[in-house]
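Here is a friendly walk through one protein chain. Please keep the structure open beside you as you read.

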Amino acid sequence: EEAAFLVSLYKFMKDRHTPIERIPHLGFKQSMDPPNPLGTGRPPCIPLTLGLSSLLPVNLWKIYKAVEKLGAYELVTGRRLWKNVYDELGGSPGSTSAATCTRRHYE
């Protein structure tokens, strides 16, 4: 099921001309320095290390299942549950922009 999901996800993203070129990492913070290269005016989320450990790539299957478990994208967004998704993925508890960055990575 996980492998089929990943094949489908990569195909979907490629078909809409937004291929997944690298997996996002847990432990996020917003950067106020460089503007978003996509030109949306929002600063990008950049990876930050989790304590002394190295960066941990987001498991795309786990983030999908965590969002699905909470009622899918619309409900998670409407009820502002993105921090819950971040916590379930094992993100750093001190992150102040965890919810926003988690949502952006999911999108």
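Arg80 sits in the loop that joins α3 (73–78) to α4 (82–88). Helices here are DSSP runs of H or I with at least four residues, and strands are runs of E with at least two, numbered from the N terminus. Although Arg80 is not a glycine, its phi is positive, about 55°. Arg80 is exposed, with a relative accessible area of 74%; exposed means over 50%, buried under 20%, and partly exposed in between (1.4 Å probe, protein chains only).

His17 also has a positive phi, about 65°, without being a glycine. This residue lies in the loop between α1 and β1 (25–26), and at 70% relative accessibility His17 counts as exposed.

Before going further, please note that this is a predicted model, in which local features need pLDDT of at least 70, side-chain atom pairs count only at pLDDT 80 or more, and totals for chains, interfaces and linings use all residues. Residues are numbered from 1 along each chain as its sequence is written, and side-chain values use heavy atoms, leaving out hydrogens and water.

Which residues of α1 are buried? They are Phe5, Leu9 and Met13. Those residues lie on the same side of α1 because they cover an arc of only 60° around the axis, taken from the directions from the helix axis to the C-beta atoms. On the other side of α1, Ala3, Ala4, Val7, Lys11 and Lys14 are exposed. Helix α2 (60–69) is included in what covers the buried residues of α1, with contact meaning heavy atoms within 4.5 Å.

Phe5 also belongs to an aromatic cluster with Trp61 and Tyr64. Rings of Phe, Tyr and Trp (its six-membered ring) pair if their centres lie within 6.5 Å; planes under 30 degrees apart count as stacked, over 60 as edge-to-face and the rest as tilted. By this rule there are six aromatic pairs.

## Salt bridges

The whole structure holds five salt bridges, each a side-chain nitrogen of Lys or Arg within 4 Å of a carboxyl oxygen of Asp or Glu. The table includes some of them.

| Asp15 | Lys11 | 2.6 Å |

Asp15 and Lys11 are four residues apart in helix α1, about one turn. Asp87 and Lys83 are likewise four residues apart, in helix α4.
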